[in-house]
Amino acid sequence: MAREATTIAEQGYWTTAREVIRILGEDGMSSDESASEDGVFVFRGHALEWRRNLDRLMGTIDAARDKVFTTRGTRPYIRKRPNRNVALGPNGGTLRSTRKPKRGLPKALYDPNWFAGLTDQYIAWLGLEDVDIDVEAVI
């Protein structure tokens, strides 16, 4: 059984994490490929160049999910995320997602380096949402 968040800090963390996931939605998640490795089904994620690095947050969520695994129902699959620096580097190849940026996110959820290279016209097209979210608290 999962332990509930008991401190104010834990409650704040999970509240913010839930909000980040809600705002990102399906279109803000990385795409992935599935394959069988040594008889185990594995999802390999693709890095989203435009999305802020949320690997630590996603890893924390996956670890919390794995702690509540029971023998009932479908077993959660293994998810492997690529090293972001490798995936987005010159030799990243298939580790880089081709998914277009999700529009309407708060600026805090876009990668700062990617965002810095955008034109004013592209930023206007993104339609930034004015949402106060403390992303730094969960990454």
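## A buried tryptophan

Trp114 counts as buried, since its relative accessibility is 16% and the limit for burial is under 20%. The model described here is a predicted one. Buried residues account for 29% of the 139 residues in the protein chain.

## Aromatic pairs

Six aromatic pairs are counted in this model. In one of them, the ring centres of Trp114 and Tyr122 are 6.1 Å apart with the planes at 80°, so this pair is edge-to-face; angles over 60 degrees fall in that class. Tyr122 also pairs with Trp125, at 5.2 Å centre to centre and 40° between the planes, an arrangement classed as tilted.

Tyr122 and Trp125 both belong to helix α5, which covers residues 120-126. Because they are three residues apart in that helix, about one helical turn separates them. Tyr122 counts as partly exposed at 29% relative accessibility, and Trp125 is likewise partly exposed, with a relative accessible area of 37%. Ring pairs join Trp114, Tyr122 and Trp125 with Trp50, Tyr110 and Phe115 in a cluster.

## Overall architecture

The protein chain contains five helices and three strands. Read from the N terminus, the order of these elements is α-β-β-α-β-α-α-α.

Of the contacts between residues at least 6 apart in sequence, 63% connect residues at least 24 apart.

Key:
Residues numbered from 1 in each chain as written. Predicted model: local features only at pLDDT ≥ 70, side-chain atom pairs only at ≥ 80, totals over all residues. Heavy atoms only, no water. Phe/Tyr/Trp six-rings, centres within 6.5 Å; stacked < 30°, edge-to-face > 60°. Buried < 20%, exposed > 50% of the residue type's maximum accessible area, 1.4 Å probe, protein only. Helix = DSSP H or I, 4+ residues; strand = E, 2+ residues; numbered from the N terminus. Contact = heavy atoms within 4.5 Å.
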